[in-house]
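Here is a note to read with the model open beside you. Take the points in order, and find each residue as you go.

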Amino acid sequence: MRLRRNELCPIHRSVSCCGREPVPKALTIRLGVQRIEDPHHPRGYRELRSAAEMRNLLKRKVAEQSRVCAICLEEFTDYSDVVPDHKNPKGMGGAWRDDHPNNIRAAHWWCNGEKGSTRIDDD
């Protein structure tokens, strides 16, 4: 008996065995900024940014911070050393991920690595 294209094989527990072509997975690319409603968040929502949007936000944050790292307060010398730092990281009870501009600041990758998931309040 032949299996349908998207039917799970009872022997191999796969959809791409027994001579069938693999079923292509749908590629979902989410561009821009997504707003996710979250009743547990103080704002009532979280924001998720695509990689391109995060790059744009990071460039803006570097300019706002006068090209200075938010953690060590030293000037940036190479843009490849700059990474986004979450003020309220998910490891400290923050949202699953919140890329809102108020939660992001520019930092050196080594400063961000040393900081880890600790919260630094600079307000």
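1. **A buried charged pair.** Start with Arg105 and Asp85: both are buried (buried means under 20% relative accessible area, exposed over 50%, partly exposed in between, with a 1.4 Å probe and protein chains only). Arg105 forms a salt bridge with Asp85, and their closest N and O atoms are 2.7 Å apart. A salt bridge here is a side-chain nitrogen of Lys or Arg within 4 Å of a carboxyl oxygen of Asp or Glu. Arg105 sits in strand 4 and Asp85 in strand 3, so the pair ties together parts that are 20 residues apart in sequence.

2. **What you are looking at.** This is a predicted model, where local features need pLDDT of at least 70 and side-chain atom pairs count only at pLDDT 80 or more, while totals for chains, interfaces and linings use all residues. Residues are numbered from 1 along each chain as its sequence is written, and side-chain values use heavy atoms, leaving out hydrogens and water.

3. **The layout.** The chain has two helices and four strands. Their order along the sequence is β-β-α-β-β-α. Helices (H or I, at least four residues) and strands (E, at least two) are DSSP runs, numbered from the N terminus.

4. **Whole-chain totals.** The chain has 123 residues, and 31% of them count as buried. Take the contacts with a separation of 6 or more: residues 24 or more positions apart account for 51% of them. Contact means heavy atoms within 4.5 Å.

5. **Other salt bridges.** How many salt bridges does the count come to? It comes to nine. In one of them, Arg43 pairs with Asp98, the closest N and O atoms being 2.6 Å apart. Arg43 lies in the loop between strand 1 (33-37) and strand 2 (45-49), and Asp98 in the loop between strand 3 (82-86) and strand 4, so this pair ties together parts that are 55 residues apart in sequence. Arg43 is partly exposed, at 32% relative accessibility. Asp98 is buried, at 5%.

6. **A pair at the surface.** Glu37 forms a salt bridge with Arg35, with closest N and O atoms 3.7 Å apart. Glu37 counts as exposed at 58% relative accessibility. Arg35 counts as exposed too, at 55%. Look also for Glu47, Arg49 and Glu53, which are linked in a network of salt bridges.

7. **The nonpolar core.** Nonpolar side chains tend to be buried together in soluble globular proteins. Which residues make up the largest nonpolar core? There are eight: Leu58, Val62, Cys69, Phe76, Val82, Ala106, Ala107 and Cys111. Helix 1 (51-64) and strand 4 (104-108) are the elements that give two or more residues to this core. Such a core is a set of buried Ala, Val, Leu, Ile, Met, Phe, Trp, Tyr and Cys residues joined through side-chain atoms within 4.5 Å.

8. **The cysteines.** A search of the whole structure finds zero disulfides (pairs of cysteine sulfur atoms within 2.5 Å). For Cys69, the nearest cysteine sulfur is that of Cys72, 3.7 Å away. Cys69 is buried, at 1% relative accessible area. Cys111 is buried at 8%. Leaving aside residues up to four places away in sequence, Cys111 touches Cys69, Ile71 and Cys72.
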